[in-house]
Structure formats: C-alpha cells, structure tokens
Amino acid sequence: MSRRIHRGLVAAAAVAFVSFVAVGPAAAAPPERFLDQSDEVIENFCGDLTVRRVVDIDVRASEQARGSEGLIYFAEHFHGSVSWTNVDNGLTLTDVFRVNSKDLRVTDNGDGTLTIIAFATGGAKTYGPDGKLLFRDPGQIRFEVVVNHAGTPTDPSDDIFISERVVKESTGLNETEDRDFCDDIHEFIG
C-alpha cells in the first residue's frame, strides 16, 4: 500500500468518524473535539518488523443545518502525527499532518440516500530517523460520499455509509504517490 493511500485511509477514517458520530439534528451545534491517541507495538509489520506505532490526532468538528431542508453540513480540522519506530534499532519514521475538510454540498436524492460533496485541504510531511524532511504531500482533494439516511435526512446519527469516490484528484506535490509504504519503512527504519 502506498503511503498516500495509507494517509488517505487515516484521513477518511477520521472524517468518517467525525461525520457520522451520533450528534442528532440541530440548527447549529458547538464544535466538538476528539482525540485519537494510541501507543502500540505491532509484530510482523510490513512482513517482518516489530514496530511501535504512536498516534496523536486532534480533531475539531462542527455541524450546521443549512437550506430549506435543514440538511446537516460538517466541517473538520485535524492535525497530528503518526510515528513508526523499529523496536530492534530505535529508528523512527514520522508523518505529521494538518487537514481542513468540509461538506460543500449535501443533496437529498429522494431515494433514501444523501450525496455529499466534500473537500479536504492541507498537507502531510514525512520525516526520517535523523529528523530531516523526506517527503511532502500538500494539496486539496474533492470527494463524494453517499449514505443511506435511514429515513431521517436531517439526523446523521443513523446514517449508513454506502460509497465514497474521488471527484478531483489531489492537487499538490504528491511526493509519496508512487512510493510503497512498506518499502519506505524497510529503507528508512528497517
């Protein structure tokens, strides 16, 4: 898996977690804060390594009802880091990121589903064991998410994820796009 896909999954998971958290319908809710902090040892990482993965992500999310239908729009800001340390040699690879995302358009499709057009903008930087910058991935991406609204289009707490697709590819440097994450782990800390 490329690091870009890995980061995309991390970002998507954070956005999905925040976007579908049980918040219920409201005209406007105060921003909420979520912390994802973990520290774990993973064996057989990328096939043959034992690594310590430390995650520190801070998410701030808000929601607002808009339009005559009162559909909920979300906005998120998250920043943080994920590091992988080879427990055998102490070498560490670290990703640091900052992302803002928000719903641009929410459409009730009239068939029990909502289509959400959202974008995320920001960047990620990867640092090697010596602290020097290895890769940069700044830019913006636009994507479409489809959810089943379970009969309550203004209440996201019961929405069921159906699909997600990229509408506009990333507009940045994308220095990790064609790189293999596990190859990089072996090269820099393996």
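Student: Let's start with C182: what does it count as, going by relative accessibility?

Tutor: C182 counts as partly exposed, because its relative accessibility is 25%. Buried means under 20% relative accessible area, exposed means over 50%, and partly exposed is in between (1.4 Å probe, protein chains only). Keep in mind that this is a predicted model, where local features need pLDDT of at least 70 and side-chain atom pairs count only at pLDDT 80 or more, while totals for chains, interfaces and linings use all residues. Residues are numbered from 1 along each chain as its sequence is written, and side-chain values use heavy atoms, with hydrogens and water left out.

Student: Which cysteine is C182 joined to?

Tutor: C46, through a disulfide with an S to S distance of 2.2 Å. The call needs a pair of cysteine sulfur atoms within 2.5 Å. The structure holds one disulfide.

Student: And what's the handedness there?

Tutor: Left-handed, because the torsion about the S-S bond of C46 and C182 is about -75°.

Student: What's the phi of C46?

Tutor: Near 50°, a positive value in a residue other than glycine. Most residues other than glycine have a negative phi. N44, in strand 1, also has a positive phi, near 55°. N44 counts as exposed, because its relative accessibility is 56%.

Student: OK, zooming out. How many helices and strands are there?

Tutor: Two helices and eight strands. Along the sequence the pattern reads α-β-β-β-β-β-β-β-β-α. Of the chain's 190 residues, 38% count as buried.

Student: What share of the contacts join residues at least 24 apart?

Tutor: 58%, taken among contacts between residues at least 6 apart in sequence. Contact means heavy atoms within 4.5 Å.

Student: Now aromatics. How many pairs does a search of the whole structure find?

Tutor: Four aromatic pairs. One of them is F45 with F181: the ring centres are 6.2 Å apart and the planes are at 90°, so the pair is edge-to-face. Rings of Phe, Tyr and Trp (its six-membered ring) pair if their centres lie within 6.5 Å; planes under 30 degrees apart count as stacked, over 60 as edge-to-face and the rest as tilted.

Student: Which elements does that pair link?

Tutor: Strand 1 (residues 28-45), which holds F45, and helix 2 (residues 181-189), which holds F181.

Student: What about F78 and F97?

Tutor: Their pair is edge-to-face as well, at 6.4 Å centre to centre with 70° between the planes. F78 lies in strand 3 (residues 71-86) and F97 in strand 4 (residues 92-108), so parts 19 residues apart in sequence are tied together. Both F78 and F97 are buried.

Student: Which residues do ring pairs link into a cluster?

Tutor: F45, W84 and F181.

Student: Switching to T115: why does it count as buried?

Tutor: T115 counts as buried because its relative accessibility is 16%. T115 is in strand 5 (residues 113-127).

Student: Which side chain does T115 make a polar contact with?

Tutor: N109, at 2.8 Å. A polar contact is a pair of N or O atoms within 3.5 Å; within protein, one must be able to donate a hydrogen and the other to accept it, and residues adjacent in sequence count only if both atoms are side-chain atoms. Leaving aside neighbours within four places in sequence, T115 is also in contact with residues including R105, E144 and V146.

Student: Last one: where's L91?

Tutor: In the loop between strand 3 and strand 4. L91 is partly exposed, with a relative accessible area of 34%. Not counting residues up to four places away in sequence, L91 touches several others, among them W84, P129 and F188.

How values were computed. Helix = DSSP H or I, 4+ residues; strand = E, 2+ residues; numbered from the N terminus.
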